[in-house]
Protein chains: 2
Amino acid sequence: MTARQVPERLEALTAPRTVALVGASSSPGKITARPLSFLLRHGFQGRIVPVNPGRAEIMGVPTVPSVADIAGSVDHAYILLDADPALTALEQCAEKGVAVVSMLADGFAEAGPEGLARQDRAAAIARDAGILLIGPNSTGVVSTASGFVCTTNAAFAAPSIARGGTAVLSQSGSVIGTLLSRGQERGHGFSTLVSLGNEACVGVGGLGQLLLDDPKTRAFQLFLETIRDAEALGAFAEGARQRGKPVVAYMIGASEEGRQLAVSHTGALTGGRAAVSAFLREVGVHEAQQFETLIEAPRALSRARLPAGRPRRATVISTTGGGGAMVIDQLAARGVEIGGLSDAARAELSAQGIPLGHGKLVDVTLAGTKYDTMRAVVDRLVCDPETGVLIVAVGSSAQFNPELAIAPIVDAAREAPEGAAPIVGFPLPHAPESLALLEAAGIPGFRNLEACVETVALLMRAPPGPRSPSAPLPVAVTRHIDTLPPGVQSEAASGIVFEQLGLARPRTLLLGSTDPLPEAIDLVFPLVAKLVSPDLPHKSEAGAVVLGIANREELAAGIARMKASADSHAPGYRLKGVLVQEMCHGLGEAIIGITRDPLVGPVVTVGAGGVLAEIYRDTATRPAPVTLEAAREMVAAIDGFAPLRGYRGHPEGDLEALAQAVAALSRLALDPRVEEAEANPVAVLAPGSGVLLLDALIRTAQRASG
Amino acid sequence: MTARQVPERLEALTAPRTVALVGASSSPGKITARPLSFLLRHGFQGRIVPVNPGRAEIMGVPTVPSVADIAGSVDHAYILLDADPALTALEQCAEKGVAVVSMLADGFAEAGPEGLARQDRAAAIARDAGILLIGPNSTGVVSTASGFVCTTNAAFAAPSIARGGTAVLSQSGSVIGTLLSRGQERGHGFSTLVSLGNEACVGVGGLGQLLLDDPKTRAFQLFLETIRDAEALGAFAEGARQRGKPVVAYMIGASEEGRQLAVSHTGALTGGRAAVSAFLREVGVHEAQQFETLIEAPRALSRARLPAGRPRRATVISTTGGGGAMVIDQLAARGVEIGGLSDAARAELSAQGIPLGHGKLVDVTLAGTKYDTMRAVVDRLVCDPETGVLIVAVGSSAQFNPELAIAPIVDAAREAPEGAAPIVGFPLPHAPESLALLEAAGIPGFRNLEACVETVALLMRAPPGPRSPSAPLPVAVTRHIDTLPPGVQSEAASGIVFEQLGLARPRTLLLGSTDPLPEAIDLVFPLVAKLVSPDLPHKSEAGAVVLGIANREELAAGIARMKASADSHAPGYRLKGVLVQEMCHGLGEAIIGITRDPLVGPVVTVGAGGVLAEIYRDTATRPAPVTLEAAREMVAAIDGFAPLRGYRGHPEGDLEALAQAVAALSRLALDPRVEEAEANPVAVLAPGSGVLLLDALIRTAQRASG
């Protein structure tokens with residue numbers, strides 16, 4: 001898409017001059033009757049052409065028998081026909097030169113091989129014709145400014161659709177209705193809502209990019225069942241961040257059952273959740289854990305912004321001890337740093353006749369629930385350089401006396417100087433009037449404790465750093481990979497790659513498969529010996545490893561024993577040699593791996609070594625490659641490295657060298673031929689002594705891309 | 001409290017014939033004016049006597065100058081005075097024979113030593129006079145049936161208070177208003193609401209017991225900042241369970257900050273969260289993790305009950321794929337088993353012309369959002385023996401067409417036979433009409449996804465088993481404890497107790513502090529030697545342990561080395577002997593410990609041994625003692641025992657013996673003199689070989705009660 005095309009496409013998407021409703025029904029009860037009815041109801045000013053060969057008019061609007069019969073140009077068509085006729089209609093749209101087509105039908109990628117073939121066909125038609133294809137399996141597109149309510153979703157039967165700054169991009173067609181309904185009830189307004197369905201051509205990322213410069217859109221609300229265009233999503237998120245437009249996403253797949261359902265119901269291929277969450281975080285998408293947060297956070301984050309220089313810390317004021325304590329408890333449980341009242345602020349407020357206690361909660365108490373008291377405390381705290389965000393938890397006065405506790409917040413916010421701390425309101429009781437006052441003043445007001453604290457936690461989280469390019473892969477590595485056959489590489493071959501990346505291995509002797517054992521072995525005993533074979537990926541299980549070899553005789557015996565064991569374990573295995581290494585004990589062990597997630601691409605993972613770390617899933621994952629700084633953060637996030645940080649008197653380990661190894665290894669992701677790579681275990685030595693790679697595995701792509 | 005007293009007290013608490021408002025103000029703006037105003041507004045039919053020496057009447061009600069001046073008897077007094085005059089008024093109530101007194105003032109246990117002395121005084125007055133004292137720091141008592149709205153909480157300024165089945169017991173005075181306001185807005189009604197404040201005399205448990213047989217109360221809603229009467233709370237919960245009245249509690253203290261705040265703001269002593277949660281679960285209190293769940297779950301659990309014989313499994317029907325998938329995803333993430341459509345049900349429904357897919361979600365789809373389709377599917381599934389609870393997630397039709405998707409649920413529920421599966425409704429959009437229809441039909445309807453799934457998870461959780469008494473503590477153990485001085489016991493002395501409980505130790509030789517080393521040592525080398533001394537609680541750090549002793553000479557040298565090390569580590573330490581044991585390596589290690597939680601009393605904890613298990617907090621805790629069956633469940637809950645269960649080819653360990661050891665050790669809690677006991681490490685041997693106690697520690701109470 002060129003820069004010139006964007007405004008045109010955006011207009012065809014959200015405010016077409018002519019829309020065709022292909023397959024519009026005249027029966028009011030039918031789903032396919034809805035788009036026309038909604039367009040009329042919501043005052044769409046463009047031209048509407050229902051395409052229906054069986055009727056002369058529908059709801060008073062003249063029809064045409066086919067797309068080809070439409071006079072003049074068509075910007076947008078919503079095809080409401082079943083799968084096969086929909087394909088025919090799409091071809092007609094291509095001939096007609098329609099810019100944007102959305103398709104309702106199911107029976108595509110989610111419906112087996114035949115459906116997949118249909119979807120490929122639809123994508124090819126759209127691509128060849130330069131059509132922006134939304135769907136299939138799309139409940140349509142809605143844009144409030146133009147009254148373009150072109151959807152089959154029943155939620156848009158609402159008498160009016162509130163205009164506002166939130167753009168909804170959802171892979172589920174029903175959820176756009178849920179988000180509209182729930183948001184509207186709270187006074188939230190929407191710019192554009194799109195049901196993306198199967199995303200045959202354009203996904204959430206691509207459509208998000210199209211909407212980036214839409215002046216009406218100030219925040220994005222994403223409901224995801226999968227990720228089909230990770231690269232575009234990353235570029236969209238980066239663009240949104242540059243424009244100060246928050247992107248909040250809720251994604252199904254917290255559980256295995258959820259992931260399976262995502263597959264069954266939209267034809268999505270769903271990967272590991274850790275990789276997806278790491279990706280979203282890396283590109284700067286706010287991932288909501290709760291659906292309620294998805295509803296509240298986009299608007300709240302577009303209104304409450306942390307000015308530069310303010311600390312990432314929350315201060316809680318309350319008129320109710322129990323309520324305030326609850327907010328602090330939940331914020332802290334989500335890792336938000338809690339600020340209190342500075343000594344200076346306490347002294348100043350005390351001098352104004354407002355005594356406040358010393359705990360972390362700034363509790364004005366029921367007695368302090370007066371305009372002047374609240375106003376003085378809020379005024380003081382929003383300007384205090386120690387305040388990050390100010391959360392005001394208001395008790396019963398929020399329900400019956402907004403003038404006592406809500407009005408001073410609103411006034412303080414309005415008159416706060418540039419750079420003041422943002423304010424968030426949380427009325428404890430059911431308090432629609434207070435929420436409306438906060439809403440009108442542009443102050444995020446929450447009705448739900450958990451969504452309030454999760455949104456504040458998102459606001460307090462540091463944005464991802466700039467994605468500085470990591471060092472390139474050394475040429476020697478690329479050249480070595482050129483020589484590798486596709487598939488799983490031997491430890492010896494893999495180890496060379498890792499050595500070229502700067503990872504030390506124990507001193508090693510590689511014997512050819514038929515070499516005699518040398519008389520003098522230039523290594524320090526004890527040794528470890530392993531068979532080298534492409535047919536023995538799990539050497540321990542094959543008996544192809546011997547540890548603790550004390551002398552040359554034990555080495556000879558050990559090699560003989562390994563060969564016998566491997567013969568019985570994998571008869572006919574190909575022996576490529578014997579790897580002999582100095583045996584090495586680190587102060588601790590780690591695992592470093594690169595994988596390619598089917599949804600979000602290459603990720604690097606680091607974890608503590610050993611079976612317990614595996615059981616406890618104590619790992620950190622990020623999109624690969626990572627910089628050294630990111631690698632340090634990953635290592636710091638591993639609880640199981642506590643002993644290596646000196647926990648309980650344990651000798652410290654060289655975790656800086658481990659971070660360097662993570663960064664170095666992560667660069668392997670830059671070579672598309674590397675499907676997987678794993679250093680496991682990595683022995684962590686004393687500070688300054690580095691790390692040692694004890695075993696290595698690389699798998700290259702079956703079809704070398706050279 | 002005798003059985004005879006309960007109805008009288010309950011009446012004095014909730015429907016007194018005469019209530020005195022001591023310190024009632026005549027200024028409408030004052031908090032102390034509220035109780036009289038609320039009692040008048042809500043039509044309280046009893047006699048109200050404001051006590052105020054400065055006015056002849058308030059709001060038209062004649063006053064008296066003091067409690068003593070009240071003609072006739074007084075059942076209930078709400079003392080609205082500051083701390084010191086409140087004590088005087090309490091004395092007057094005692095003289096007058098008032099049955100129930102609630103007190104508003106703060107300045108008691110939460111306010112330092114002086115306040116604590118005041119509180120002790122108040123408790124003594126109440127106890128001596130047989131007064132049921134609510135508070136201090138109580139915003140009062142409300143009972144809807146009698147219009148007894150005797151509170152200072154501003155939320156009760158609502159024009160009416162809905163009557164219903166939920167009793168609220170809150171340690172926070174402001175939160176009763178929050179719960180009322182939020183519940184009422186949803187059409188929930190309340191029986192009684194009590195603000196318990198500092199609980200000088202009666203706590204949540206005690207007051208709950210008083211309300212157990214209140215016919216108006218069908219569920220309990222608890223807001224806790226601490227637990228002050230664990231035993232009474234346990235008895236209350238047990239009583240509620242017997243009567244089928246669910247008890248749901250939300251407790252502040254998920255974070256350290258929250259625990260500190262609980263301390264600062266109600267004078268609560270807060271213990272470890274794991275112990276408290278284990279206690280609540282054990283006694284059958286449903287702990288809500290989300291505040292929203294506290295609002296919804298009491299009523300929902302009193303309406304949706306799992307009939308005997310139904311599986312603990314949730315089946316989800318939806319009219320919207322995305323919404324249904326979201327519900328299943330979140331249920332499964334909380335460990336709820338998901339049911340699908342049985343083959344029989346699928347065949348029957350298909351024969352009725354209702355084709356349904358094969359995934360775990362029973363998705364009737366938008367096309368199936370018709371009365372007849374929904375009705376047939378719900379009818380079939382509530383009767384299916386494979387259904388536990390049926391959750392119906394309804395899309396946009398819930399907002400605009402309740403007759404299509406909600407009406408059939410309501411009708412199916414009404415006509416469902418005895419023993420049918422309970423139904424829960426979750427409209428995806430904002431759908432007040434649908435929620436009201438569900439509410440009126442007695443079907444729990446949720447507006448919040450997270451509260452819906454958490455409530456269903458609580459419903460699906462098996463209730464605690466009957467608290468079968470564990471085996472008593474062997475007499476030999478009690479006798480041995482008789483001989484112990486208070487304080488930390490030596491490993492030798494502690495080990496004897498554990499041996500008497502049936503825990504094997506490695507073969508051991510105990511040498512007196514001045515004994516010469518015997519010529520022949522009747523143990524299998526290698527050995528471990530440790531100094532026995534009450535002054536060396538951390539033997540490793542004192543150099544008072546030697547491992548891997550290969551022969552008698554090394555033993556002699558080791559003993560000498562330990563003595564020298566201990567001399568320099570703790571000069572003047574008392575040497576009681578030398579413990580010599582066969583060195584033993586298990587297949588894995590565990591830790592078992594007994595502690596006394598300050599809130600909920602004795603608990604037993606088991607965990608994997610070693611530093612990683614400690615870092616990952618991989619432990620299971622329950623109130624002690626536990627039965628063998630409970631101990632087995634605890635052991636099964638430890639992820640770190642996966643290797644001992646054979647994970648990745650690791651040799652299995654004798655986890656049954658470990659469970660026996662947990663049950664045996666837990667019985668030490670039966671002796672009140674045992675403050676702490678720990679077996680750490682416990683070596684787990686091969687199946688059939690048991691476990692071996694490698695180190696043992698007991699701490700007895702400083703003031704022996706035996």
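In the predicted model, Arg118(A) counts as buried, its relative accessibility being 16%; buried denotes under 20% relative accessible area, exposed over 50%, and partly exposed the range in between (1.4 Å probe, protein chains only). Arg118(A) belongs to helix α4 (residues 112-129) of chain A, where helices (H or I, at least four residues) and strands (E, at least two) are DSSP runs numbered from the N terminus. Its side chain makes a polar contact of 2.9 Å with the side chain of Asp84(A). A polar contact is a pair of N or O atoms within 3.5 Å; within protein, one must be able to donate a hydrogen and the other to accept it, and residues adjacent in sequence count only if both atoms are side-chain atoms. Apart from residues up to four places away in sequence, Arg118(A) touches Ala83(A), Asp84(A), Leu87(A), Gly107(A) and Phe108(A), contact being defined as heavy atoms within 4.5 Å.

Because this is a predicted model, local features need pLDDT of at least 70 and side-chain atom pairs count only at pLDDT 80 or more, whereas totals for chains, interfaces and linings use all residues. Residues are numbered from 1 along each chain as its sequence is written, chains are lettered from A and ligands numbered from 1 in the order in which they are written, and side-chain values use heavy atoms, with hydrogens and water left out.

Chain A contains 24 helices and 30 strands, and its C-alpha trace spans about 95 × 80 × 40 Å along the principal axes. Of its 706 residues, 58% count as buried. Among the contacts in chain A with a separation of 6 or more, 72% are between residues 24 or more positions apart.

The same surface serves both copies, since 100% of the contact residues of chain A recur in chain B. In the interface, 72 residues of chain A are in contact with 72 residues of chain B. The area buried between the chains is about 5600 Å², of which carbon and sulfur atoms give 62%; buried area is the accessible area (1.4 Å probe) that two parts lose on being put together, summed over both. Between chain A and chain B there are 28 residue pairs in polar contact (both at pLDDT 80 or more).

In chain B, helix α11 (residues 321-333) includes Met326(B), which is buried with a relative accessible area of 0%. Beyond four places in sequence, Met326(B) touches Phe223(A), Tyr250(A), Ile252(A) and Phe291(A), as well as Leu428(B) and Leu449(B). Asn448(A), in the loop between α17 (432-440) and α18 (449-460) of chain A, is likewise buried, at 4% relative accessibility. A polar atom of the Asn448(A) side chain lies 2.9 Å from the backbone nitrogen of Glu450(A), and the backbone nitrogen of Ala451(A) lies 2.7 Å from a polar atom of that side chain. Leaving aside neighbours within four places in sequence, Asn448(A) is in contact with Glu292(A), Phe426(A), Glu292(B) and Asn448(B).

The structure holds 66 salt bridges over all chains, each a side-chain nitrogen of Lys or Arg within 4 Å of a carboxyl oxygen of Asp or Glu. Across the interface of chain A and chain B, zero salt bridges are found. Glu292(B) forms a salt bridge with Arg186(B), the closest N and O atoms being 2.7 Å apart. This pair links distant parts of the chain, with Glu292(B) in helix α10 (residues 291-303) and Arg186(B) in the loop between α5 (175-185) and β11 (190-195) of chain B, 106 residues apart. Glu292(B) is buried, with a relative accessible area of 5%, and Arg186(B) counts as buried at 11%. In chain A, the side chains of Lys530(A) and Glu491(A) meet in a salt bridge (2.8 Å, N to O), and both residues are buried.
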